[in-house]
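These notes go through one structure point by point. Please keep the model open while reading them.

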Amino acid sequence: TTPEWRQRVYETVLGRSPTAEEVSQSLPGDALEQRKQFVDRLLDSDEFAIRWSRQLADWWLAPGASHIDRSSDGYRDFIAWIEKQIEADEGLPKLL
């Protein structure tokens, strides 16, 4: 159903459930183009760039990353660089 679809999309794209406010907003219909626009809006959000920049940094720095100070300027600069690449829609191949 559409509410279940929305829940799955939020969890996959943003790593969280939709807020009460987001749940109260109208859902896209079953038409493929409406759902595509809904997903594109989430992918274009700052929240997407923030979530995935941190996820990618953790993947790239793991498994031996326990010694890295995640509050350091270098780590924050690394996260900011990844965010900018995501926001610029550079794509994963260019990040690697």
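1. Among contacts in the protein chain between residues at least 6 apart in sequence, what percentage join residues at least 24 apart? The share is 59%, where contact means heavy atoms within 4.5 Å.

2. A word on the basis of these values. This is a predicted model, in which local features need pLDDT of at least 70 and side-chain atom pairs count only at pLDDT 80 or more, while totals for chains, interfaces and linings use all residues. Residues are numbered from 1 along each chain as its sequence is written, and side-chain values use heavy atoms, with hydrogens and water left out.

3. The protein chain has 6 helices and 0 strands, in the order α-α-α-α-α-α from the N terminus. Helices (H or I, at least four residues) and strands (E, at least two) are DSSP runs, numbered from the N terminus.

4. On overall dimensions, the C-alpha trace spans about 45 × 25 × 20 Å along its principal axes. The radius of gyration is 16 Å, whereas a compact globule of 96 residues would have one near 12 Å. This radius is taken over C-alpha atoms, and the globule rule is 2.2 Å times the number of residues to the power 0.38.

5. Of the 96 residues in the protein chain, 27% are buried. Buried means under 20% relative accessible area, exposed over 50%, and partly exposed in between (1.4 Å probe, protein chains only). The accessible surface comes to about 6600 Å², and carbon and sulfur atoms account for 54% of it. Accessible areas come from the Shrake-Rupley method with a 1.4 Å probe; for residues, only the protein chains shown count as cover.

6. The side chains include 12 positive and 18 negative ones, and the centres of the two sets are 2 Å apart. Lys and Arg count as positive and Asp and Glu as negative, with His and the chain ends not counted. Each charge is placed at NZ of Lys, CZ of Arg, CG of Asp or CD of Glu.

7. Rings of Phe, Tyr and Trp (its six-membered ring) pair if their centres lie within 6.5 Å; planes under 30 degrees apart count as stacked, over 60 as edge-to-face and the rest as tilted. By this rule there are 5 aromatic pairs. One of them is the tilted pair of Trp5 and Phe38, with 5.4 Å centre to centre and 50° between the planes. Trp5 is in helix H1 (residues 2-13) and Phe38 in helix H3 (residues 32-43), so the pair links distant parts of the chain, 33 residues apart. Both Trp5 and Phe38 are buried. Ring pairs also bring Tyr10 into a cluster with Trp5 and Phe38.

8. Ser17 sits in the loop between H1 and helix H2 (20-24). Is Ser17 exposed or only partly exposed? Ser17 counts as partly exposed because its relative accessibility is 39%. Leaving aside neighbours within four places in sequence, Ser17 is in contact with Gln7, Tyr10, Glu11 and Glu22.

9. Helix H4 (residues 46-61) contains Asp46 and also Arg51. Asp46 counts as exposed because its relative accessibility is 53%, while Arg51, at 25%, counts as partly exposed. Beyond neighbours within four places in sequence, Arg51 is in contact with Glu11, Val13, Leu14 and Gly15.

10. Two distances, C-alpha to C-alpha, complete the list. Arg51 and Glu83 are 32 residues apart in sequence and 8.8 Å apart in space. Asp46 and Ile86 are 40 residues apart in sequence and 9.5 Å apart in space.
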